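The exercises below are meant for a reader who is meeting this structure for the first time. Please keep the sequence and the 3D view at hand, try each task, and then follow its solution step by step.

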Amino acid sequence: MVMWTEDQRKAIESRNSNLLVAAAAGSGKTAVLVERIIQLILKDKIDIDSLLIVTFTNAAAGEMRERISVALLQELDKKNENEQHLRKQLHLLNKASISTIHSFCIDVVGRYFHLLDIDPNFRIADGTETAILKMEVMEELLEQEYEKADRNFLGLVERFGGNKVDTPLQELILAVYHFIQSKPYP
């Protein structure tokens, strides 16, 4: 039997409120979350497919699904009154929402595209495509600004541009852009 700390036990047993589990790497967050899910299934009789379980990476989502499966199988081995409910949960596990927030959002948009007035064949650009689009937009913007020949813009180029190339200025613009995107209201 696992010995949980007081904070871990609170996270496992807390109900009817929002809950944030934040702790250092290797501190047992995943184990606590898996135990919380198992307790919700066993004690509260909640179906696994009615939960939204969000992780930061696809690998973590896969690990979470695997750990829940193992925990359900261990509970099933105990041969108690929950056997039918546990078998149902194992069956529902494949349909459960255990994913990254990005995957969940893409799924919601894909499911409700007609309400959002979005093309049903939409897709999300990968990192390479977005980098290319950013560079194309930046080159177009710089070209437009060169045509205007505004002295403030030309002063910016003079101070931060390179010798006959705009690469240092482009890198600076991208760095500022990425920094701003990390803020709550970019």
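A residue is called buried when its relative accessible area is under 20%, exposed when it is over 50%, and partly exposed in between, with a 1.4 Å probe and protein chains only. Helices (H or I, at least four residues) and strands (E, at least two) are DSSP runs, numbered from the N terminus. This is a predicted model, in which local features need pLDDT of at least 70 and side-chain atom pairs count only at pLDDT 80 or more, while totals for chains, interfaces and linings use all residues. Residues are numbered from 1 along each chain as its sequence is written, and side-chain values use heavy atoms, with hydrogens and water left out.

**Exercise 1. The sides of a helix**

Task: Find which residues of helix α3 are buried, and work out where they lie around the axis.

Solution. Begin with the length of α3, which runs over residues 58–77: at 1.5 Å a residue its 20 residues should span 28 Å, and the end C-alpha atoms are 29 Å apart, which agrees. The expected span is 1.5 Å times one less than the number of residues.

Next, list the buried residues of α3, which are Ala61, Met64, Ile68, Ser69, Ala71, Leu72, Glu75 and Leu76. They cover an arc of only 165° around the axis, which puts them on the same side of α3; the arc is that of the directions from the helix axis to the C-beta atoms. An α-helix has 3.6 residues a turn, so residues three or four places apart point the same way.

Then look at the face of α3 turned away from this buried side, which carries the exposed residues Ala59 and Asp77. Ala59 counts as exposed because its relative accessibility is 61%, whereas Ser69 is buried with a relative accessible area of 18%.

Finally, ask what the buried residues meet: they pack against α2 (29–42), β1, α4 (83–92) and β2. As one example, Ser69 is in contact (heavy atoms within 4.5 Å) with Leu90 and Leu93, leaving aside its neighbours within four places in sequence.

**Exercise 2. A pair of strands**

Not counting residues up to four places away in sequence, Ser99 touches Ile53, Val54, Thr55, Ala61 and Phe104. The C-alpha atom of Ser99 is separated by 9.2 Å from that of Ala59, although the two residues are 40 residues apart along the chain.

**Exercise 3. The largest pocket**

Task: Identify the residues closest to the centre of the largest pocket and the element that gives the largest share of its lining.

Solution. The largest pocket has a volume of about 880 Å³. Of the 29 residues that line the largest pocket, Val21, Leu33, Val54, Thr55 and Met64 are the closest to its centre. The elements that give two or more residues to this lining are α2, β1, α3 and α5 (101–111), and the largest share, seven residues, comes from α2. For these terms, a 1 Å grid is laid over the protein atoms alone: a pocket is an open set of points with protein on both sides within 12 Å along at least five of seven lines, and lining residues have an atom within 4 Å of a point, whereas a cavity is a set of points where a 1.4 Å probe fits but cannot get out. Grid points are joined across faces, edges and corners, and a volume is the space filled by probe spheres set on the points.

To finish, take Val21, which lies in the loop between α1 (6–13) and α2 and counts as partly exposed at 29% relative accessibility. Not counting residues up to four places away in sequence, Val21 touches Ala11, Lys29 and Leu33.
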